[in-house]
Amino acid sequence: MISVQNHQQPLSGNKLKQNILRNTAFAAALGIVLSVSSCTPKVGVLRSPDVYGGAVGSEKGKEEKKEETKTAEEKKAAKSSNSIALLLPFQLDRVAVNSMSEEDVKRSALALDFYQGFQLGMNEAAKKSGDYALKVMDTQDSEMRNVSLAASKDVQDAMLIVGPVYPKEIRSFGKSHTNKKVLQVNPLAAAMPTEFNQSNLVSITPPIRIHMRAVANEVASRYSTGDVVLVFDARDNDHRQFIAGIDEEMKKVNPAIVVKHVTTVSQLTAAMPDLETAFVITGTTEKNQLRSLLSGLDAKVREGFSIKLFGHPLWDRFDFGPYSNFYRMDPTITGESHLKVWSSEVQNFQRNYKNQFKVDPSDFAYKGYDAGKYFTSLLNKYGADYADKLQNEGFNGIFSNYKFKYNPQWGYVNEGVQLKTYRNGSFQ
């Protein structure tokens with residue numbers, strides 16, 4: 001799960017060479033003014049690779065004879081149908097060109113990486129049918145800026161809007177953009193869609209409730225008579241958000257399931273069945289609580305107890321090496337990412353990305369690539385009717401799966417999460 005609550009995003013790789021390259025390319029791009037009146041910039045790290053059939057944002061590659069015969073209305077409709085608005089927080093307004101700093105690069109890294117990945121994905125999908133004008137706009141991480149962009153001509157003419165990124169931007173833009181027939185894609189924020197209540201919002205990152213439901217379904221389907229489900233109720237916010245409603249979700253699948261909530265490790269170990277399986281669920285990411293829990297479970301595993309442990313998606317960032325019996329608990333989490341670095345598709349993308357932008361792709365770049373490829377393919381296939389097909393068109397990308405479910409109050413939510421089990425030192 002990728003969250004964009006914190007605005008200070010790390011650079012891809014954190015290597016000196018990449019930092020220098022990114023600084024150099026980024027500095028070159030500062031001469032480009034990103035505004036609602038501009039199309040995609042064409043130099044530096046913000047350079048737009050040519051879309052098959054014509055450069056992004058240009059008229060090159062269109063059939064001039066057909067263009068001449070079109071009426072003014074047809075031209076406007078064609079322009080709108082080929083236009084994608086990409087709103088990202090480059091925050092170039094905060095950068096002094098002559099005093100480029102590492103902080104400037106970090107601040108814009110998220111937007112740069114997603115944009116560059118999106119561009120490559122769009123290019124790849126556009127090879128099969130016409131070109132698309134990608135209108136790139138700097139939201140500046142400003143609510144007032146988003147209000148202004150929502151009323152701009154490039155946004156009003158767009159057939160698809162990707163962004164803004166941060167929750168406060170999504171709210172301000174959504175309230176100001178009145179055309180709810182055009183989809184607004186939330187590309188990165190993991191916030192619950194109910195925070196925005198926008199019927200045209202497409203949430204790519206599955207919210208935590210979707211992860212909880214996947215765990216609930218898995219536990220309930222594996223449960224047998226005599227087993228016990230033990231929910232370790234930790235005190236941190238991550239656990240409370242993750243666990244909310246899990247009892248009800250499990251009972252929907254298996255009404256006979258036995259669920260017990262405990263608040264201490266001693267209560268947890270005392271409630272374990274002697275012969276059957278203990279399904280232990282917790283959403284804690286607080287290191288001290290997690291250390292205490294795992295130490296207690298480690299001791300029970302050594303005694304021969306059967307334990308199946310289910311945790312928070314953020315566990316894939318932790319080092320569980322110190323717990324020698326951790327793998328014996330069959331630890332399982334959910335995740336939106338299924339990046340297989342050994343696959344030819346991923347390696348091809350990595351190679352193309354490095355050749356084009358001189359840096360390795362980050363998770364934001366992978367997500368941008370998937371989004372660019374998926375939505376451009378939908379536009380190719382269905383044109384103006386693409387929104388109606390979103391629920392029927394699943395997608396298996398190099399980083400994420402898309403499986404959208406629609407709610408008329410808060411829009412389209414991606415339910416494409418998968419289970420990951422701890423093997424050979426990592427969740428896979």
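Contact here means heavy atoms within 4.5 Å. The model is predicted: local features need pLDDT of at least 70, side-chain atom pairs count only at pLDDT 80 or more, and totals for chains, interfaces and linings use all residues. Residues are numbered from 1 along each chain as its sequence is written, and side-chain values use heavy atoms, with hydrogens and water left out.

View A. Ala214 sits in helix α8, residues 208-222. Helices (H or I, at least four residues) and strands (E, at least two) are DSSP runs, numbered from the N terminus. Leaving aside neighbours within four places in sequence, Ala214 is in contact with Thr334, Val417 and Leu419. Between Ala214 and Gln418 the C-alpha to C-alpha distance is 7.6 Å, yet 204 residues separate the two in sequence.

**View B. Ser337 in a loop.** Ser337 belongs to the loop between β10 (332-335) and α13 (344-357). Ser337 is buried because its relative accessibility is 15%. The classes are buried under 20% relative accessible area, exposed over 50%, and partly exposed in between (1.4 Å probe, protein chains only). The Ser337 side chain reaches the backbone nitrogen of Leu339 at 3.4 Å. Beyond neighbours within four places in sequence, Ser337 is in contact with Phe399, Gln418 and Lys420.

**View C. Lys168 and Asp141, a salt bridge between distant parts of the chain.** The closest N and O atoms of Lys168 and Asp141 are 3.8 Å apart in this salt bridge. Lys168 is in helix α7 (residues 167-176), while Asp141 is in the loop between β2 (133-138) and α5 (143-150); the pair links distant parts of the chain, 27 residues apart. A salt bridge is a side-chain nitrogen of Lys or Arg within 4 Å of a carboxyl oxygen of Asp or Glu. Lys168 counts as partly exposed at 32% relative accessibility. Asp141 is buried, at 14%.

**View D. Glu249 and Lys252 in helix α10.** Both residues lie in helix α10 (residues 246-253), three residues apart, about one turn of the helix. Glu249 is buried, with 8% relative accessibility. Lys252 is exposed, with 62%.

**View E. Asp298 and Arg302 in helix α12.** A salt bridge joins the side chains of Asp298 and Arg302 at 2.9 Å, N to O. The two residues are four apart in helix α12 (residues 287-302), about one turn of the helix. Asp298 counts as buried at 11% relative accessibility. Arg302 counts as exposed at 56%.

**View F. A network of salt bridges.** Glu218, Arg222, Lys308, Asp330 and Arg423 are linked by salt bridges into a network. Side chains of opposite charge can pair when their charged atoms come close. A search of the whole structure finds 19 salt bridges.

**View G. Helix α4 crossing α13.** The axes of α4 (residues 102-126) and α13 come within 11 Å and cross at roughly 115°. Asp113, Gln116, Gly117 and Leu120 of α4 make the contact with Phe349, Tyr353 and Phe357 of α13. These residues divide into four nonpolar, two polar and one charged. Ala, Val, Leu, Ile, Met, Phe, Trp, Tyr, Cys and Pro count as nonpolar, Asp, Glu, Lys and Arg as charged, and the others, Gly among them, as polar. Axes are lines fitted to C-alpha atoms, for helices over the stretch in contact, with angles from 0 to 180 degrees between N-to-C directions.

Note on methods: A polar contact is a pair of N or O atoms within 3.5 Å; within protein, one must be able to donate a hydrogen and the other to accept it, and residues adjacent in sequence count only if both atoms are side-chain atoms.
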